[in-house]
Amino acid sequence: MVFPSISIIIPTYRREEPLQETLEDVLKQDYSAFEVLVIDQTPTHTPTVEAYLEQLAESGKIRWFRVNWASLPGARNYGVRRATGEIILFIDDDVKLPEGYLQAHARNYQERPEIGAVAGRVFDRMKLADSQKINPKDSPYSIDYLPPQAMDPGIAWYYIDLVHTVKPQRVISTRGCNMSFRRDIFTERGIWFDERFRGSAVREESDFCLRLRQTGYHIWYDPEAYLVHLGEETGGCHDINTRSLQYQLTFYHNHFLMALKNLTPVQQLRLYAKLFDCHVLGNPPCNKGGSPIKILTRGIFYSLGFLDALSTLVKSLWENGQIYSRQDLEGSAVPVTQQAKV
């Protein structure tokens, strides 16, 4: 079987050793045709990591692009425009990959032409041992098939579980640290990541997948296409501290933006109710502190986030928000670009 070529895109921001370890895992993959694109938003690396990246780029093992901004959806789009593979695979800059990872993604496209995206299984740092227990009998907690609610755009985000689910099946969305797409979704269908999703860009992949589903392509979950997401506390793909007030505002902004763009009024109301119940009141599965002060504070950010999302949509009447893509296409986005020699 001839597998399709793959472009692995790794957006990175202020990551050092985890990025290096991720690249080492990627370059160990035994696959016939793949390239690695590092979209680097880090202003300055440590001397060791800088030398490591330079060596990989000069030897042709990676294509290294440095940009002067920090945006996860912007970095994804930037990488896609430079990718050459038939399949576009996104991973984070702090993951561990098993052998056969690329084949696990690729075979889905080879075997089923209706599949437009593959959502891989994601283990987190606390489940490193579980990552060796792909057999459901060895896992302390597993799900065969997701409940019907996991395909409901209004509330799916609280029911889709790409950690414990052990059987392949259609899903409504991928998870950003382990997802792949057919290239033509971008180049022919014209679907790109929305650069108005800010901060950690939570829900940017959900927004993308909701639009992808309108093309008729299926999103397929394959538990064998798994990786371990370390979830490093420092770094990431954005320039907003997760403990900051700005992060709280962008969290709600992004949820409301996804809803306003893609959901029916009824679906929106159900999402807003669930978002309030879980993230403001702190009920399960969020399980947040329930003091009146904390609830009031979260309620304020909830309200401000909704107003901010409305403002974003109003601005869209004259500004589509694809700031970084526009800069790229105009040639003003990148002060330094380093890539593999050809």
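Predicted model: local features only at pLDDT ≥ 70, side-chain atom pairs only at ≥ 80, totals over all residues.
Me: What share of the 342 residues is made up of buried residues?
Reply: Buried residues account for 55% of the 342 residues in the protein. The secondary structure consists of 10 helices and 10 strands. Of the contacts between residues at least 6 apart in sequence, 77% join residues at least 24 apart.

Me: Which residues have the most contacts inside the largest nonpolar core?
Reply: They are Ile8, Leu23, Ile62 and Ile91, in a core of 31 residues. Elements that each supply at least two residues of this core include strand 1 (6–12), helix 1 (17–27), strand 2 (34–40) and strand 4 (87–91). Helix 2 gives the most, with 5 residues. A second, separate core has 30 residues, among them Ala83, Phe181, Ile185 and Ile219.

Me: Which elements do the buried residues of helix 1 pack against?
Reply: The buried residues of helix 1 are Pro18, Leu19, Gln20, Thr22, Leu23, Asp25 and Val26. They pack against strand 1, strand 2, helix 2, strand 4 and strand 5 (95–96).

Me: How many aromatic pairs does the structure hold?
Reply: The structure holds 21 aromatic pairs.

Me: Why is the pair of Tyr252 and Tyr302 called edge-to-face?
Reply: The ring centres of Tyr252 and Tyr302 are 5.8 Å apart, and a pair requires centres within 6.5 Å. Their planes stand at 75°, whereas edge-to-face requires over 60 degrees. The pair is therefore edge-to-face.

Me: What makes this pair a tie between parts 50 residues apart in sequence?
Reply: Tyr252 belongs to helix 7 (residues 245–262) and Tyr302 to helix 9 (residues 292–315), so the pair ties together parts that are 50 residues apart in sequence.

Me: Are Tyr252 and Tyr302 buried or exposed?
Reply: Buried means under 20% relative accessible area. Tyr252 has 1% and is therefore buried. Tyr302 has 13% relative accessibility, so Tyr302 also counts as buried.

Me: Why is the pair of Phe256 and Tyr272 called edge-to-face?
Reply: The ring centres of Phe256 and Tyr272 lie 5.0 Å apart and their planes are at 65°. That angle is over 60 degrees, so the pair is edge-to-face. Phe256 is in helix 7 and Tyr272 in helix 8 (residues 265–280), 16 residues apart. Phe256 counts as buried because its relative accessibility is 1%, and Tyr272 counts as buried because its value is 11%.

Me: Which residues do ring pairs link into a cluster?
Reply: The cluster consists of Phe251, Tyr252, Phe256, Tyr272, Phe276, Tyr302 and Phe306.

Me: How do you know that the charged end of Arg76 sits over the ring of Phe90?
Reply: The charged end of Arg76 is 5.1 Å from the centre of the Phe90 ring, and the distance must be within 6 Å, with a direction within 35 degrees of the ring normal. Arg112 lies over the face of Trp220, at 4.2 Å from the ring centre.

Me: Why does Ser173 count as buried?
Reply: The relative accessibility of Ser173 is 2%, and buried means under 20%, so Ser173 counts as buried. Ser173 is in the loop between strand 7 (169–170) and strand 8 (178–182). Not counting residues up to four places away in sequence, Ser173 touches residues including Trp157, Glu205, Cys209 and Ile219.

Note on methods
Residues numbered from 1 in each chain as written. Heavy atoms only, no water. Core = buried A, V, L, I, M, F, W, Y, C linked by side-chain atoms within 4.5 Å. Buried < 20%, exposed > 50% of the residue type's maximum accessible area, 1.4 Å probe, protein only. Helix = DSSP H or I, 4+ residues; strand = E, 2+ residues; numbered from the N terminus. Contact = heavy atoms within 4.5 Å. Phe/Tyr/Trp six-rings, centres within 6.5 Å; stacked < 30°, edge-to-face > 60°.
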